Amino acid sequence: MQGLILNGSKNNFEVECADGARRLCSLKGKVLKNSSGYYNPLAPGDRVALDDATLEASKAQIVSLLPRKNEYVRWNIKKRLPQLLASNLDYLLIVTTPDEPPFRPRFIDRALVQAEFQNITPIIVCNKYDLETSAQNELQTWLGIWERVGYKVLRVSAKSGEGMEELSSILENRLSALVGQSGVGKSSLINVLDNTVVLKTGSLSQKYGRGMHTTTQGALMHIQLSESLMGGRKGATADIIDTPGVRRFLLHDISAQDLALYFRDFSPYLGRCEFGMSCSHLSEKGCAIKKAVQDGGIAEERYSSWKRIQNEMISGSWED
């Protein structure tokens, strides 16, 4: 019997099984050979094999993990281990806001880098786009930069409905994960996409302007896309993994020296420096990356973001 991990942690997972039943499953032997070294051995979206000998109406044991198409991981600074957020994705939706919580472009850049590293197609979703913000110029500059780099950027509002039809059409028949800071409105987006779902949404902390955690574990949901968003068409579905909101997104398994490889706009210039791939892109003469910044081929904001993230990786001191 095979099954799909919907949610869970440590040694208890809700599995949607091939016979249609949902079972609470534990790991047989509590170790999966091909998923060791992680804070959590399995994530929503994983496909697993169950031990038929332990199969009961409501429970079973997991004996192996089936090969993953991809996995999305972050470094869990509290646990000092990599944390699996989702597996086998078609899209990664990186959710941000103009304000409430404040716009954090380096959070987005880190999440993009991890997606590039793991060969997952990212989409930037700017929720609460109807909000007024004092950082309007910075927001529009960054959204334009990411679009020019080649990333899909959606401007949406769960409150007003702006952009939700386009988001629905992208999600249909796909498995996507929502990643973002606490308070960006991931649960609110799901509530609008499927008006039969009511997820708990968190109020923002007035003291810090940051979201209060309302999701402590990721969960995979099969949603019925709202007919009003699908032009009246019935029966449209999507699979969405709502991941826990995080204050900081830290990179995993990427070295500071290799960071430039995962900045998509750097790719055309890598290897063309006077010192080849050994160039640090900081102070060397004949650096193709620095020349591209001067010529406008790479936005200064992205170059500065790359330098700051690299410095964080080297120093081990991360900003929000």
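How many disulfides does the count come to? The points below start there.

1. **Cysteines.** This is a predicted model, and the count comes to zero disulfides. A disulfide is a covalent bond between the sulfur atoms of two cysteines. The rule asks for two cysteine sulfurs within 2.5 Å. Take cysteine 25. The closest cysteine sulfur belongs to cysteine 17, and at 5.2 Å it is too far for a bond. Cysteine 25 is buried, because its relative accessible area is 1%, under the 20% cut-off. Cysteine 279 is in no disulfide either. For this residue the nearest cysteine sulfur is that of cysteine 287, 3.8 Å away. Cysteine 279 is buried too, with a relative accessible area of 6%.

2. **Nonpolar cores.** The largest nonpolar core has 57 residues. Tyr72, Leu89, Leu92, Trp146 and Phe266 touch the most other members.

3. **H1 against H6.** Helix H1 covers residues 105–117, and helix H6 covers residues 300–315. They pack at an angle of about 75°, and their axes are 10 Å apart. The two helices are therefore roughly perpendicular to each other. On the H1 side, the contact uses Arg106, Asp109, Arg110 and Leu112. On the H6 side, it uses Arg302, Ser305, Arg308, Ile309 and Glu312. By class, that gives six charged residues, two nonpolar and one polar.

4. **H3 against H4.** Helix H3 (residues 164–171) packs on H4 at an angle of about 85°, with the axes 11 Å apart. That angle makes H3 roughly perpendicular to H4. Met164, Leu167, Ser168 and Leu171 come from H3. They meet Leu189, Val192 and Leu193 of H4. This contact has six nonpolar residues, one polar and no charged ones.

5. **Serine 188.** This residue sits in helix H4, which spans residues 186–193. Its relative accessibility is 26%, so serine 188 counts as partly exposed. Asparagine 127 is 61 residues away from serine 188 in sequence. In space, the C-alpha atoms of serine 188 and asparagine 127 are 9.6 Å apart.

6. **Threonine 96.** Strand E8 (residues 91–96) holds threonine 96. Threonine 96 is buried, with a relative accessible area of 2%. Leaving out residues up to four places away in sequence, threonine 96 touches Phe103, Ile108, Ile124, Val125, Cys126, Asn127 and Val184.

7. **Loop between E8 and H1.** Glutamate 100 and proline 101 are joined by a cis peptide bond, with omega about 5°. Proline 101 is in the loop between E8 and H1, and glutamate 100 is found in that loop as well. Glutamate 100 is not a glycine, yet it has a positive phi of about 55°. Most residues other than glycine have a negative phi, and most peptide bonds are trans. Glutamate 100 counts as partly exposed, because its relative accessibility is 41%.

8. **Asparagine 88.** Here too phi is positive in a residue other than glycine, with a value near 60°. Asparagine 88 is found in the loop between strand E7 (81–87) and E8. Is asparagine 88 buried or exposed? Asparagine 88 has a relative accessible area of 14%, so it is buried.

Conventions. Residues are numbered from 1 along each chain as its sequence is written. This is a predicted model: local features need pLDDT of at least 70, side-chain atom pairs count only at pLDDT 80 or more; totals for chains, interfaces and linings use all residues. Side-chain values use heavy atoms; hydrogens and water are left out. A nonpolar core is a set of buried Ala, Val, Leu, Ile, Met, Phe, Trp, Tyr and Cys residues joined through side-chain atoms within 4.5 Å. Buried means under 20% relative accessible area, exposed over 50%, partly exposed in between (1.4 Å probe, protein chains only). Axes are lines fitted to C-alpha atoms, for helices over the stretch in contact, and angles run from 0 to 180 degrees between N-to-C directions. Helices (H or I, at least four residues) and strands (E, at least two) are DSSP runs, numbered from the N terminus. Angles under 35 degrees count as roughly parallel, over 145 as roughly antiparallel, 65 to 115 as roughly perpendicular and the rest as oblique. Contact means heavy atoms within 4.5 Å. Ala, Val, Leu, Ile, Met, Phe, Trp, Tyr, Cys and Pro count as nonpolar, Asp, Glu, Lys and Arg as charged, and the others, Gly among them, as polar.
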